[in-house]
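Q: Please take a close look at one part of this protein and how it relates to the rest. A single connected answer will do.

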Amino acid sequence: MSIEIKNDYGQIDISNDVIAQIAGGAAIECYGIVGMATKHQIRDGLTDILRKENFAKGVIVRQEGSDLNIDMYVIISYGTKISEVAYQVQSKVKYTITKTLGMPVKAVNIYVQGVRVTNP
């Protein structure tokens, strides 16, 4: 599935995987995020943190009209305030997607799939 943008010059099709890669990259830059996880960790057999090339498995992109809804499955660092980290991820992802694609983001939903202890 892809998102279509039409303008005076023609049509642009942007894959949901591309949007997921942009959102995952923006989320990883936030303090307190250890990595991305899959939605169904047990079913997929992936209990590890997703690598950069697999961010699309941890991000679900839905389009409603001209708005985007993004669901993100993350692993947070132990000892950080979960609500604050989630708010920072929401803000960063919304800003990055809006500036990169020029499309409004209606919602960024954060699902915490785990907490990991990281070595300093």
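A: From the N terminus on, the elements run β-β-α-β-α-β-β-α-β, giving three helices and six strands. Helices (H or I, at least four residues) and strands (E, at least two) are DSSP runs, numbered from the N terminus. This is a predicted model, in which local features need pLDDT of at least 70 and side-chain atom pairs count only at pLDDT 80 or more, while totals for chains, interfaces and linings use all residues. Residues are numbered from 1 along each chain as its sequence is written, and side-chain values use heavy atoms, with hydrogens and water left out.

The part to follow is helix α3, residues 82–101.

Buried means under 20% relative accessible area, exposed over 50%, and partly exposed in between (1.4 Å probe, protein chains only). Threonine 96 in α3 counts as buried because its relative accessibility is 19%. Not counting residues up to four places away in sequence, Thr96 touches Ile22 and Ala26, where contact means heavy atoms within 4.5 Å. With neighbours within four places left aside, the contacts of Ile19 include Ile97 and Leu101.

Isoleucine 82, also in α3, counts as partly exposed because its relative accessibility is 40%. Ile82 belongs to a nonpolar surface patch with Tyr78, Val112, Val115 and Val117, about 500 Å² of accessible area together. Such patches take residues with over 30% relative accessible area and no salt bridge; nonpolar side chains (Val, Leu, Ile, Met, Phe, Trp, Tyr) are joined within 5 Å, like charges within 9 Å. Areas come from the Shrake-Rupley method with a 1.4 Å probe; for residues, only the protein chains shown count as cover.

A salt bridge is a side-chain nitrogen of Lys or Arg within 4 Å of a carboxyl oxygen of Asp or Glu. Lysine 92 and glutamate 29 meet in one, at 3.0 Å, N to O. Lysine 92 lies in α3 and glutamate 29 in the loop between α1 and β3, so the pair ties together parts 63 residues apart in sequence. Lysine 92 is partly exposed at 30% relative accessible area, whereas glutamate 29 is exposed at 58%.
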